[in-house]
Each structure stands twice: as C-alpha cells, then as structure tokens.
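I wanted to look up a helix pair and some salt bridges, and jot down what turned up.

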Amino acid sequence: MFSLDVASICAVTGGTLLAGDGARIVKNVAIDSRAVVTDGLFVAFCGERVDGNAYAPAAIHNGAACVVLTANPTDELLDIAVKNTCAVVRAQDDDGEEFMLRLAQAWREMHADWFVIGVTGSVGKTTTKDMLAAAISAQYKTHATKGNFNNLIGLPLTILSAPEDTQVIVAEMGMNHPGEIARLAAAAHPTLAVITNVGTSHIGLLGSRENIAKAKAEIVSGMVQDKLEGMQIKPCLYLVSSDDFSNYIATKYAQASAVATSYVGTSMHDNLSARNIKLTDEGYVCCDVYYEDGDIQPVQLPIPGKHLVNDYLLALAVADKLGINHKASIEGIQHMPQTHMRLEIVGGTDKPRIIDDSYNASPSSMAAALDVLASLPCRGRRIAVLGEMGEMGKMACELHNYVGAYAAAKPLDMLVLIGSEFVGGMREAAITMGMSDDKIEMFESVDAAIAALKPILEPHDVVLAKASRASALDQFVKGVLA
C-alpha cells in the first residue's frame, strides 16, 4: 500500500509544500474526505459541482497527514493544518489529475517487480478486466481496477492502492479525449495490453471510429518489456481479429512501436480461437477453445451472451502468455463474481426477472443485450426497457434509430423507451422495420415508467433494462423490484 514522505511526493509531482513537515510519512491516497484514514493523503479536485478544496478541513480532522490542494488555501485552513500537524501541498498548476498521474508513475517505477496489463476498448473493458483478473489470480497475486475506475484519476488510484505483495496489476484504461490513454499508459507502463474493440462509444467527442482507434492505440506508447517470476516478457498487444480496425492498429501503431500482436477470434488462423459455438437455453455460450500449443478445452462462459466470447478469449490468451495452466485460468473465470449492473439477472420468484445492464450503453452493447433477452427462456413476456445513450455527438439520432430498428427484429412483446430527445426516432425506426405501434410505450422519465409498468409486470416476464448511466435505469430496476 502507498507510503511515502511529503518531500518526496512534492519532488515527483512538482507540488509545493506550503505548510508542515516534509519528512512526514503519508499512507494511502483518497479523493473523498470521508475515505481518509489516519496518516492518509487527501487530494482535492475542483469539480463542476463540488470543490474538493472545501473538504480539506474535514480530511484533516479525519486524520490526514497531508492534503493536496488545487486552489489557494485560506488562512483558516492553514491554521487547522498547523494545529493538527498536517502538511499542506499545492499541486503544480492546480492540476489534480496530473498530480495523481505523476505520483502513480513514480510509485509504479518504485515497484519494478509489478507486472502490469492494460485493458482498453470501446465496449467490454470492465468485463474483460474482471475475466483477466480472475484468470491470472489462479497463479499470481493480482490487483485490478475496482469497478470502472479507469480514467485519469481512477487509474492512479488503482496503482496507488496495490498491496506491496502484488505480482500483477490489471489496469483498465478509459478515455474521453485524444491523449488520455497515452498519459495512462505512461503512468502504468504495461507490458501486455488488450484492445477489446473499436466501437462508437465517445464518437460524439472524437468524431469518427478512426479517431477512436487512434486513441485506443495510444496504449502502445507506454508499453515496456518486463519480467514475471523469471520470465522475460516482451510487449504484446492482444486484438480481436474480426474487428475492422485491428489490422490498422497493428500495422500503424504496434509495429511502429516494436510491439508484437496476437489475435483472438473464431478463425483457425487466430492465435487463440473459439469454435463449435453453441448457446444453451439460458443464453450461455458453450464452445471449444483452441490454444496455440494444440490444447483444446471445452468451456461454458459464466455470463450470458454470445458477444462475450471475444472478451473471454482475450483473458485466456493473456493468461496463457503468463504461463498459467489452461484449466486453472478457465476455472478462475468460471467462479468470478459478476459485476453489478452489467447483464446482471435479478428478481425472480414472485417478481419478474430483470436483466440489469443499466451501467452504460453504446449501439453495439444495446444490440448484444437485446440478443441476450431474446435468447433467455421465457414463459411470460419479453420486454425491452431502453433509455438513451450518451456521447453520441452528431451521429446520435442515427445511432439511436439503429437501436430502434434492431429491437424491432427481436421477438419482443413490448418495447419501452425512456427519454425525451431521441426516443421518438427510435420508435419511428422500430415501426418502419415492422414492429406494431401498440407494442411500443414511451415515457419521459424513469418514475413515469415505473408507475405505469410495475402494476402490470408479472413473475414470468423477462425484462431488459439498458441505457447509458445518465438515464438512471438502475432506479427503474430498483423501483420495479421494490
């Protein structure tokens, strides 16, 4: 766990010591004053809604040994710090994100024995990260990103919270703008990296799928050769062969950075492949995994949905690179806990079964979730409750309409659309593709949808709840099951 003196923290981050003892040792890092522990380090961020600098006094009273500010401190705060022997540091240029990245990079470099794997992509990052961590934990002490803490603050927290005896860190890397993945990779120094796919998530911020591919490919810029238990491992990027940007990333970015590439998919030409793919009545994939050494392992994925096959293969391929026994890595994934609000099946008995996939959404993950709904056994009605997707930019109308059209092709008894801006187009697209108007219901708010649907939902119904996080469909799930 993180432990460093204040003077060294200032030296590696460019921060300025305003008050307190530079020799003071701090332990653990928090960005929430309520999470500060005795002798902890609190980093304040000036957000759109909340100014974290205002919570520095609370952090000091909770036992912080050092607070890092991103604004000019008040005399009152300095007095509180002096009385409580707490050091006060001001981040260079008042940039909290850069402070965190520099601190994480320094801490990573102080732990040359840590082996890092980076995971990025438009869809499936968190699931792939979880599968990777489960597979690698079969042999190595593994530390992984919690939830989807994958941004310029979350990744540093992942590195800074790693236990001292960690052998492998699985670090999820997300982004909203060009250059962010490069900054994350520079802090983490991964040796192996995964790009799950190049989709349309954040297309409103980046403009095109090619720009998204370029942003994801930035991960190779920070990759380094490293060793793990005596094995010298050269940088390698793992890609899905069927993704139309994989070859582009491999030839233009990986090769230029002397990073090897390895492919997974369903072709016999892939380095690791899944064949003889079948779906159980409950929507789980059964297949045979073909390894490069000729080993063939029959498996069943632990989460429903055919779209998860490539994520599963990426995890097994990286585990294989680390020399983990094939059966052990498969077993590790089989028993991994499922991530909340990601194809999580809840309810049942005297309540409808709900596929809670309300954490996030893109057109491809919407389609995949609808596929799962269509594949599950159902003695009642199949109902899709879809909200709007964020960060689609100029293509938002078109992409939402695609989702409406795709839903019309599924055996739905009811399509429920929640939102105000794009649901009208989704409805028209569904009707154009043949869905009956009387099967479609529209609501402007989650509360209105709960009020209308909760009284009519029955125990044998299967309901999908899917949207971007901002649509708050998790509240729909809670409201219906309450």
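Predicted model: local features only at pLDDT ≥ 70, side-chain atom pairs only at ≥ 80, totals over all residues.

Next I asked which residues of α11 and α12 meet. On the α11 side I listed Y312, A315, L316, A319 and D320, and on the α12 side H326, S329, I330 and I333. Sorting the residues of this contact gave me six nonpolar, two polar and one charged.

**Entry: salt bridges, whole structure**

How many salt bridges does a search of the whole structure find? I got 15. I picked a few to go through, with the accessibility of each partner.

**Entry: D32 and R34**

I have D32 in a salt bridge with R34, and the closest N and O atoms are 2.8 Å apart. Buried or exposed, I wondered of R34? R34 is exposed, at a relative accessible area of 72%. D32 has 28% relative accessibility, so I put it down as partly exposed.

**Entry: K129 and D130**

K129 bridges to D130, and here I read 2.8 Å between the closest N and O atoms. I wrote K129 down as buried because its relative accessible area is 1%. D130 comes out at 18%, and since buried means under 20%, I filed D130 as buried as well.

**Entry: R209 and D244**

The salt bridge of R209 with D244 has its closest N and O atoms 2.8 Å apart. I looked up where the two sit, and the pair links distant parts of the chain, 35 residues apart. R209 belongs to helix α9 (residues 209-217), while D244 lies in the loop between β14 (236-240) and α10 (246-254). For accessibility, I noted D244 as exposed because it reaches 54%. R209 has a relative accessible area of 26%, so it goes down as partly exposed.

Key:
Residues numbered from 1 in each chain as written. Heavy atoms only, no water. Contact = heavy atoms within 4.5 Å. Helix = DSSP H or I, 4+ residues; strand = E, 2+ residues; numbered from the N terminus. Nonpolar A, V, L, I, M, F, W, Y, C, P; charged D, E, K, R; others polar. Salt bridge = Lys/Arg side-chain N within 4 Å of Asp/Glu carboxyl O. Buried < 20%, exposed > 50% of the residue type's maximum accessible area, 1.4 Å probe, protein only.
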